[in-house]
Amino acid sequence: ETPWRGAGVAIPMFSVRSECDLGVGEFLDLKLLVDWAVASGFHLVQLLPINDTSVHRMWWDSYPYSSLSVFALHPLYLRVQALSKNIPKEIKEEIEKAKQQLDLKDVDYEATMAAKLSIAKKIFDLEKDAILNSSSFKEFFAENEGWLKPYAAFCFLRDFFETSDRTQWGCFAHYSEDKLEKLVSKESLHYEIICFQYYIQYHLHLQLSEAAEYARKKRVVLKGDLPIGVDRNSVDTWVYPNLFRMNTSTGAPPDYFDKNGQNWGFPTYNWEEMSKDNYGWWRARLTQMAKYFTAYRIDHILGFFRIWELPDHAATGLVGKFRPSIPLSQEELEREGIWDFNRLSRPYIRQGLLQQKFGAAWAFVATTFLNEYEKNCYEFKEDCNTEKKVVSKLKSCAESSLLLESEDKLRRTLFDLLQNIVLIQDPEDPRKFYPRFNLEDTSSFKDLDDKSKNVLKRLYYDYYFHRQENLWRENALKTLPVLLNSSDMLACGEDLGLIPSCVHPVMQELGLVGLRIQRMPNEPGLEFGIPSQYSYMTVCAPSCHDCSTLRAWWEEDEDRRLRYFKNVVESDELPPDRCTPEVAHFVIRQHVEAPSMLAIFPLQDLLALKEEYTTRPATEETINDPTNPKHYWRYRVHATLESLNKDTELKTIIKDLVRWGGRSFPPDETEVSSSSASGSNSDKERLASSMEKISLPSK
């Protein structure tokens, strides 16, 4: 009758700040975060992915979803002070100096990685023999050598050749067991470099295991994150190239996050090949995660139904197709009176369009980038007929000062021309076609006759919203149960974006928990979700790492703020310009009262409950900008965990909210007397008086 409901906090590992850390949050900081969670009434701490992403060896690697290895942990989160009990005085001084230099507003990814690896190497040199010969290390190595040896070899080759692009590695470009054994052999000249990678992974395992065990003892769930993709230049694509479609790229079609779609750059999966050993690679990933986590978020769960697949020459995410999907065949199109496939599948570029887009500069653009193949009809030259080729050519033009306007603006307009198509021809089968997303927006479509327009509109709707449903359902029912049966972790699916109608029934059938973000409602026609109507099998949250925080969202759009106040708060008064603690309290209270199994709040949104934590500009608290593929993931909470643990007022405000919402919370050793999940009368009286400024509408 009253199913269990809990609450939690979400924060990336790198965003945490403590008095002990060196420039970035560290695994051992999780113990302090768990203490704060318990005192605030939270049963759960959610992190972003924590796997090694060191592909480029620069700040681009701050992107936590682009794994170098799906098994290795990130050296960024290592606490170097905990590597040994016998650290010499000069190294301790070096650590203290680095701590002071890196105690910055945001993460300095490159400087932090360099400092940690340099210090760790010095400690390793002092005690490598003792550690590598210990029974504890030998046990770790025996349990993990299947992924650990290829990972260490890959890191050595990346550093030796100064690139992760294995096509530059000569005879090591293609992986084999024989080559691996030679690379990691004890007789090799570089064996110590290989062992250093083992050593780092061993200590990361010890430190995260210590934090995970601490969380379990405190009855706090650690929730991890399972990225949908791996980096194109990763250990996994080196060792298992047959599991990936290396000539493609993964992304998402246009949605709330980006109207032009997203291109993540990961190769798509070869599901047919993966099925041959019953998805062993996936099962191994989940088994590894379960060593540390009790729950996990499946990033972009829609990818297990179908993935948005782009050619590897694409730079944006717009001109893709779903895989798997039932295409429009040439025969089907011809039956409908559609026959001019060249006209529909090649960029539609006419002189009038060039004049409209480029004005007086159109002739220069035409001469530089295009060929006129018929009078007033143009096509791209061979050296710029894909998005990546355009980027490359613009760089050379910029260097030779040939550009008449900004490179960025010109690139966007040339991309518009390349994307001005109605049908996408299958590169593997020229008799198959896919309707270009939002094809009605193109001038290529607008210049067609009415009959062709009507036919293509109908086929477009059929392709995107009807004909694929059974195929996608069957695909998900093959793959998702393998994930779910690989561990005892609670699985939560990130089901945001363009959601096919088969998704929620399958998630319900499999017992998967969905995600609800109030500003991105699933229900058509709603601008704001209604938390009181969410189903139990959901996680609800006011924001997430892929969008602005509650404060920034509130303050960035006055008209939307007015609509929210009128329709959700049910008030005709003018809303405050700033996201005051009362506004934050109102929004958070809606979510703790929701029927959802879990209400999980970004730490930034919880800090908005107290004025003193809102001095930093709200926009600086955003973790990711999905429209920027080269975003620097570096946000750090200004307050240390030690200071948050001392802030009794904030913890009380949050715990009272959790109580008010009728949610379970872990026992707090500091509590003198226990109270029921729904809160005592005095709790409710105290809360009611604090809520007079902004009240909830009646349900």
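This is a predicted model: local features need pLDDT of at least 70, side-chain atom pairs count only at pLDDT 80 or more; totals for chains, interfaces and linings use all residues.
A residue counts as buried when its relative accessible area is under 20%. The structure holds 55 salt bridges. Side chains of opposite charge can pair when their charged atoms come close.

**Glu428 and Arg245**
- A salt bridge joins the side chains of Glu428 and Arg245, at 3.1 Å from N to O.
- Because Glu428 lies in the loop between β15 (423–425) and β16 (432–435) while Arg245 belongs to strand β4 (residues 244–245), the pair ties together parts that are 183 residues apart in sequence.
- Arg245 has a relative accessibility of 13%, and therefore counts as buried.
- Glu428, by contrast, is exposed, with a relative accessible area of 53%.

**Glu309 and Arg323**
- The side chains of Glu309 and Arg323 also form a salt bridge, at 3.8 Å from N to O.
- This pair links distant parts of the chain, 14 residues apart, with Glu309 in strand β9 (residues 307–311) and Arg323 in strand β10 (residues 321–323).
- Glu309 counts as buried at 4% relative accessibility, whereas Arg323 counts as partly exposed at 22%.

**Asp495 and Arg516**
- In the salt bridge between Asp495 and Arg516, the closest N and O atoms are 3.3 Å apart.
- Asp495 is located in the loop between β17 (490–493) and α19 (503–510) and Arg516 in strand β18 (residues 514–517), so this pair ties together parts that are 21 residues apart in sequence.
- Both Asp495 and Arg516 are buried.

- Through salt bridges that share partners, Arg245, Glu272, Glu309, Lys321, Arg323 and Glu428 are joined into one network.

Terms used
Residues are numbered from 1 along each chain as its sequence is written. Side-chain values use heavy atoms; hydrogens and water are left out. A salt bridge is a side-chain nitrogen of Lys or Arg within 4 Å of a carboxyl oxygen of Asp or Glu. Helices (H or I, at least four residues) and strands (E, at least two) are DSSP runs, numbered from the N terminus. Buried means under 20% relative accessible area, exposed over 50%, partly exposed in between (1.4 Å probe, protein chains only).
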